[in-house]
Amino acid sequence: MVYVKPPREERESYRSLVAGYLFAGMLVYFYSIPNIFFVYIDDMWRLFAILLLGSYLMVAIIASYVQYRLSKYKPIGPHFPDFIISLWSMAAINLYGFQALAEQPFFQEAYVNLLWIQVFLILFAWIKWISVTTRKQVAKGVTITLVTFSLFHLISCISAYEGADIYAFLFEEATHTPVWPGIALFFSGLMTRFMMATSIDLVITPEERVLLIAEEKAREEALKRKPSEEMLSSGRYLEYGELDYEGEEGLTNYREKGSTTFEDVEFLYRENDFRYFSRMDLNPAKELMLYQENGQWYCQTAGQEPEKVLLSEWANDNEKEWRRFEINKREYLEQAIEYRRLVPRFVEIPSDIDASKIDWYD
């Protein structure tokens, strides 16, 4: 059965998309106002600024409709507003920068050259035969350049206010610090970086995406599975175990007291003040309980003595947040039956739940 949106729901969805485009286009409005009223080269550029603002308002309506129709086409739908908003924002921003530097031809020429570099970087992000790793490294380089420029420009503006003009010191052709055009250049670079990220994500192949996800997970696992140098040097790993408990996706990491390696454990359910996990790496898997006593957290593996554990920083600071994803035993079993999830053998099944419907693992 295919769900068809009722007309009223369609209209509301379309209106919300339009509102999103209008709200997200703040940079277009902010830079169109000075383009039309305050900076001026000639009437042609002013007319272009008016058309730019008017076209964005029209495109917001048309693009909202197109995006609504493309919403099920995942490779394009989510990125469609990014390109529309970024393109119009870049046009408005750079039109302002170009006009505001009319009386400083040296900086105006430099601004135009930097704009061509930004266009090249956006096109570079689309080149499929260049590895995604290389494109991402170039994008990171753009981020570093943006941060460096923003700090330099901020220092230059402060210095100019105090009477020491850094731009005039560095460039003989400079008459004064181009404060607002510099800010416009920063926002233009920000849009360029945003469009590069969107372009890379759009043209990435499924194989490259899988590889990147695997590499990211490997880096995260390497960080999680290596106890801190401070932990090792202080000898605390001999006194405490560790539980990296965040729980939203079910999996977390556990290190036994005295061990320097972590293992995967799966959160199962909560009963009263006890949280139950499965130590899946053991054969067979064993039940692990997490509980608190006199302010100290303990983990107890079935058949073993309880041991003191240290929780992750997030877990210590957000205990109340745990309840958002923690479920009781009945909910856990009902979900396991509904979604065909594997249940460890040690879980005892209440008499009113059909154990034959449960898929077990050892």
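Which residues does Ile-183 touch, not counting residues up to four places away in sequence? I looked this up first: Ile-183 touches Tyr-31 and His-153, where contact means heavy atoms within 4.5 Å.

**Ground rules.** I am working on a predicted model, so I kept its limits in mind: local features need pLDDT of at least 70, side-chain atom pairs count only at pLDDT 80 or more, and totals for chains, interfaces and linings use all residues. Residues are numbered from 1 along each chain as its sequence is written, and side-chain values use heavy atoms, with hydrogens and water left out.

I found Ile-183 in helix 8; helices here are DSSP runs of H or I with at least four residues, strands are runs of E with at least two, and both are numbered from the N terminus. Ile-183 has a relative accessible area of 26%, so I noted it as partly exposed. My cut-offs for that: buried is under 20% relative accessible area, exposed is over 50%, and partly exposed is in between, with a 1.4 Å probe and protein chains only. I also checked Ile-183 against Ile-93: they are 90 residues apart along the chain, with C-alpha atoms separated by 9.4 Å.

His-153 sits in helix 6. Buried or exposed, I asked of His-153? It counts as buried, because its relative accessibility is 5%. Leaving out residues up to four places away in sequence, His-153 touches Tyr-167, Pro-178, Val-179, Gly-182 and Ile-183.

**Whole chain.** I counted 13 helices and 9 strands. Of the 362 residues, 38% are buried. Taking contacts between residues at least 6 apart in sequence, 54% join residues at least 24 apart. The accessible surface comes to about 22000 Å², and carbon and sulfur atoms hold 61% of that; the areas are Shrake-Rupley values with a 1.4 Å probe, and for residues only the protein chains shown count as cover.

**Largest nonpolar core.** How many residues does the largest nonpolar core have? I get 29, and those with the most contacts inside it are Tyr-21, Tyr-31, Tyr-56, Ile-84, Trp-88 and Ile-93. A core here is a set of buried Ala, Val, Leu, Ile, Met, Phe, Trp, Tyr and Cys residues joined through side-chain atoms within 4.5 Å. The elements giving this core two or more residues are helix 2 (26-37), helix 3 (43-70), helix 4 (80-100), helix 5 and helix 8. Helix 4 gives the most, with 8 residues. I then listed the partners of Trp-88: setting aside neighbours within four places in sequence, Trp-88 is in contact with Val-28, Leu-52, Ser-55, Tyr-56 and Val-59. There is also a second, separate core of 14 residues, which includes Leu-243, Val-265, Leu-290 and Cys-299.

**Largest pocket.** Rolling a probe the size of a water molecule over the atoms shows where empty space is left. The largest pocket holds about 540 Å³ of space. The search ran on a 1 Å grid over the protein atoms alone; a pocket is an open set of points where a 1.4 Å probe fits, with protein on both sides within 12 Å along at least five of seven lines, and lining residues have an atom within 4 Å of a point. Grid points are joined across faces, edges and corners, and the volume is the space filled by probe spheres set on them.

I count 22 lining residues, and Ala-110, Leu-114, Gln-118, Phe-149 and Leu-185 lie nearest the centre. Helix 5 (105-124), helix 6 (132-161) and helix 8 (179-203) are the elements that give two or more residues to the lining. Helix 5 provides the largest share, 8 residues. By class the lining has 17 nonpolar, 5 polar and no charged residues. For the classes, Ala, Val, Leu, Ile, Met, Phe, Trp, Tyr, Cys and Pro count as nonpolar, Asp, Glu, Lys and Arg as charged, and the others, Gly among them, as polar.

**Glu-208.** Glu-208 is in helix 9 (residues 206-224). I marked Glu-208 as buried because its relative accessible area is 17%. Not counting residues up to four places away in sequence, Glu-208 touches Ser-131, Val-132 and Arg-135.

A cis peptide bond joins Asn-283 and Pro-284, with omega about 0°. Pro-284 lies in the loop between strand 4 (274-279) and strand 5 (286-293). Asn-294 is not a glycine, yet has a positive phi of about 55°; I place Asn-294 in the loop between strand 5 and strand 6 (296-301).
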